[in-house]
Amino acid sequence: MGEPFWLLFGLAIIAYILVGPIFGIAAHRQIKRLTKKVDDLEATLAELLRKGPSAEAAEPQSEKPSAEKPSEEEFEPEDAGFESAGAPPQMEEPEPAAQAEPAAQPEPAAAPPQAAAPAPASPPPLPARDLEQSLASRWLLWIGAVAVCLAAVFLVRYAIEQGWLSPLVRVNLGFGTGLLLMLAGEALRKRTPEALKALIGKNHLPPSVSASGLFACFASVYAAYQLYGLLSGSLTFAVMACLSIWGFIYSVRQGTLVALIGLIGGYATPALVASSQPSGWVLAGYLLLITAASLWVVRSGRHGGLAALALAGSAAWAGSWIQHLAFVTGTAPLALFLLASACLFMASMHLPPLRDPKDEIERLCHRGTGPTGFLLLLCFVLPFENLDGYGAASWLLLGGLTAAGFVTDWRLRFPQGVRMSFATGAAAVISLALWHAPSVFHAPVPFIAPTAEAFSTVCLAWAAIFGLGGFLLLWKRRGSAGGPSAIATLVPTLLLILAYWRVQELQVNFLWSMTAMALACVFLAGCALCQEKRQEALESGERHASADWETALGIFACGVITAVVLGLAMGLREAWLTVTFAALLPALGWIEGRLRFNFQREAAGVVAAIVLIRLVFNPYLLDYESQPAPLFNWILYGYGLPMALFWLAGRFFVKRKDDWLVALLEAGAVIFLTLLVTFEVRIFMQGELRSVTYGLLEQSVQTISWIGVALLLRWRWMRAPRPVLHYAWQILFALALAQIAFGHLLSNNPLLTLEPVGSQPLFNLLGLAYLLPALPLALVARHMGAIWGERARLILQGSSLFLVFVYLTLEVTRTFQGTVISTLVSSDAEFYGYSAVWLLYALVLLAVGIWRGVPALRYVSLGLLLFTVCKVFLFDMSSLEGLFRVASFFGLGISLFLIGYVYQRFVFTKRDLPQEEDAPPTDA
């Protein structure tokens with residue numbers, strides 16, 4: 001034993017000697033003062049009760065009530081004083097005097113009720129609990145209990161070190177001290193005055209003393225086993241178990257602190273007492289006994305917090321058992337422990353309390369411990385199945401918990417009970433899904449994957465269990481009808497999809513397709529049952545029940561549609577699988593319109609998201625077999641049908657509410673239309689989707705198709721102003737412009753790529769890539785200026801004119817260089833041709849600008865003309881020779897003269913004409 005221990009021990013003794021008497025004296029004085037207060041209150045109350053009737057008897061004998069008035073006010077209760085304070089007494093005195101003598105006699109008769117008022121008065125309220133009272137009546141007692149426990153521990157340790165007593169005597173003294181403390185606690189509980197209880201509330205001194213005694217007994221028995229070897233492991237286990245049970249029983253009389261010592265000792269006993277031959281069955285039975293005792297104490301209406309501690313102890317032992325003890329004890333006792341513990345917690349919720357809980361916390365503990373314990377222990381199913389290797393014990397455990405969940409839903413008549421069946425259904429689906437994935441939990445045993453027949457059989461069995469269970473709950477209508485119908489449809493459908501995925505690997509199989517159709521027939525029978533019950537509720541005038549059955553009818557209708565779609569998907573290939581999912585959307589919209597539900601919108605949103613992900617982000621689409629023939633291939637129905645189904649579903653859903661779902665469906669239809677056109681062009685140009693080639697020809701066709709789709713969406717938006725259409729056509733048009741800028745003009749420019757452009761003067765690749773896109777740009781700029789603004793209109797017009805300029809320039813290059821063009825000038829005629837064509841283009845723009853009254857075209861023509869002038873003076877003068885140089889400068893000069901004349905004749909004259917017309921009237 002080191003010096004630090006003795007130093008700390010000495011400081012503790014000194015602190016106890018100095019501080020302990022102070023707290024003891026303060027507690028003694030406080031109790032004495034409170035006792036004196038109680039005695040004074042009892043004497044005052046007895047005097048009031050004694051003098052009250054005598055005053056009543058003396059008052060009728062009085063001939064002068066006014067003379068008796070002062071003495072009566074001395075003993076008048078406080079409430080009467082408050083009643084008389086509302087009116088002045090001098091206003092009430094003259095009224096009896098002004099009346100006749102007989103009229104004055106009823107006044108004493110009215111006095112007895114006033115004098116009798118103090119008799120039924122309630123006892124005075126308890127004074128507020130101050131800091132001194134709290135310290136003396138609660139905290140000091142609890143600290144004292146802890147101090148006694150520590151004293152017992154230190155006494156045993158010190159006796160060991162000094163060798164004063166033999167081990168047997170030490171243990172007997174410790175155990176006897178514990179018994180004496182428990183007897184003393186019971187004696188203090190019985191002798192606590194009722195007046196003191198009414199004054200300070202609950203007396204914490206007796207349970208503190210009793211808890212100290214129970215802890216001393218635990219410590220003595222454990223010391224006899226661990227330190228001295230006086231008791232065997234089995235006997236120690238039995239004695240400590242008996243002490244734990246005694247703690248639970250004794251806590252009904254003493255309080256929560258005793259029950260807490262019993263609970264901690266009960267759950268800690270198996271961990272403290274080792275066994276050479278551990279038995280899983282004995283451990284499971286013992287832990288179940290401790291859990292049952294804890295829940296019995298909670299059911300008695302006391303100590304509600306013990307339920308949470310019992311749940312924590314059970315969960316801790318379940319996790320420790322799975323990690324460390326299952327290899328020794330086997331998995332069957334652990335399965336029994338998990339199943340029985342979950343059933344105990346659920347039974348604690350089913351059974352009514354032995355007495356009403358005192359506060360809301362105890363009531364909440366009684367009602368909430370059952371579901372919480374069941375769900376927490378259900379979480380251990382997956383690790384247990386992985387440990388057991390999905391053996392018989394695993395399925396028996398899951399089956400037992402499923403049965404317990406259905407029994408809970410059967411017994412409870414409120415909708416929250418259905419959550420247990422949902423939880424067991426989710427556990428079943430997850431367990432079967434992870435049957436092929438043992439690495440999730442790092443299985444310590446060799447894993448054997450199930451065969452296809454075994455997996456299909458197990459899935460079928462669980463689907464039948466949950467289907468029949470849901471129908472049974474629906475038939476008896478325990479709680480809401482929506483919950484059982486969801487269980488009967490959702491779990492079998494998920495298990496069918498899971499089995500089809502794992503066994504068939506999503507390949508076409510007509511046997512599975514027929515299975516899905518049979519499941520649809522079962523759901524159709526559920527629709528018939530719900531419709532019959534709904535009609536009965538309508539005839540009997542039960543509107544709430546009718547709405548409930550209508551919800552169940554909608555759930556079964558969704559199940560029928562889902563099963564039919566799955567059946568079609570299992571019999572079809574590739575893109576048809578996604579098409580069948582898309583077919584769910586208009587069906588859900590039709591059901592919502594007929595039955596007025598809300599949950600269909602969330603389900604439709606999930607289905608729409610699945611279809612969008614499969615058709616937009618699915619990389620396996622590139623591997624689908626496709627015919628090189630344009631239009632008639634899988635792209636047509638793979639994207640065309642979902643597009644039509646999304647649009648139709650949007651029309652159904654918008655009739656009730658125009659919300660996010662309608663926007664999602666409309667956006668999906670636009671995306672599918674765009675992808676349909678894009679992929680059709682891709683297959684037409686390349687023959688397959690996976691091709692890595694993306695030349696100017698395909699790019700030009702894609703750009704024109706995107707512009708066409710954008711104009712189509714704009715036309716539809718003009719007729720039906722939907723926000724999705726408005727944004728969609730602008731985004732698509734912007735993508736086309738971006739492809740023109742970065743694709744046609746830069747990366748795929750034929751001057752750089754040397755791609756053949758054709759031999760015809762107009763109908764060639766240049767016209768397709770540059771001239772044809774310029775036309776819709778000009779059209780959009782003309783009609784969308786009011787919406788996008790003047791700046792956007794000018795940008796679009798400038799882009800259109802620039803594309804025409806590029807086309808004319810490249811057309812000159814093609815004329816002189818042939819089908820393959822480059823940046824190298826072939827001859828002086830080609831170099832002169834650029835100047836001539838640019839001048840002609842500038843003149844055409846000027847003419848059109850003057851004719852249509854568009855100043856922007858005149859400005860562009862002037863800019864192009866200046867550009868041509870720079871080209872002639874900077875390049876033609878040095879590069880051209882002979883007649884080409886003469887023709888270049890001569891043509892430029894004539895063009896400049898012509899443009900000047902046109903400006904003077906048609907531009908300046910018209911601009912100044914209104915001023916000339918206004919001048920003659922002014923001169924006149």
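## A bridge within one helix

Arg-814 and Glu-811 are three residues apart in helix H33 (residues 790–817), so about one helical turn separates them. Helices here are DSSP runs of H or I, at least four residues long, numbered from the N terminus. The model is predicted: local features need pLDDT of at least 70, side-chain atom pairs count only at pLDDT 80 or more, and totals for chains, interfaces and linings use all residues. Residues are numbered from 1 along each chain as its sequence is written, and side-chain values use heavy atoms, with hydrogens and water left out.

The two side chains meet in a salt bridge, 2.7 Å from N to O. The term requires a side-chain nitrogen of Lys or Arg within 4 Å of a carboxyl oxygen of Asp or Glu. Arg-814 counts as buried at 8% relative accessibility. Glu-811 counts as buried too, at 10%. Buried means under 20% relative accessible area, exposed over 50%, and partly exposed in between (1.4 Å probe, protein chains only).

## A network around Glu-666

Salt bridges that share partners join Arg-651, Asp-658, Glu-666 and Arg-722 into one network. By the rule above, the count of salt bridges comes to seven.

Glu-666 pairs with Arg-651, and their closest N and O atoms are 2.8 Å apart. Glu-666 lies in helix H27 (residues 660–686) and Arg-651 in helix H26 (residues 634–654), so this pair ties together parts that are 15 residues apart in sequence. Glu-666 is buried at 10% relative accessibility. Arg-651 is partly exposed, at 27%.

Glu-666 also forms a salt bridge with Arg-722, at 2.8 Å from N to O. Arg-722 sits in the loop between helix H28 (696–719) and helix H29 (723–747), and Glu-666 in helix H27, so the bridge links parts 56 residues apart in sequence. Arg-722 counts as buried, at 17% relative accessibility.

## Nonpolar cores

The largest nonpolar core holds 125 residues. Such a core is a set of buried Ala, Val, Leu, Ile, Met, Phe, Trp, Tyr and Cys residues joined through side-chain atoms within 4.5 Å. Phe-337, Leu-432, Tyr-639 and Phe-646 have the most contacts inside this core. Helix H23 (residues 543–571) supplies its largest share, twelve residues. Apart from this core lies another, of 44 residues, with Val-709, Trp-717, Ala-769 and Leu-864 among them.

Take Leu-432. Neighbours within four places in sequence aside, Leu-432 is in contact with Trp-395, Phe-455, Val-458, Cys-459, Trp-462, Leu-495 and Leu-498. Contact means heavy atoms within 4.5 Å.

Terms used: Helices (H or I, at least four residues) and strands (E, at least two) are DSSP runs, numbered from the N terminus.
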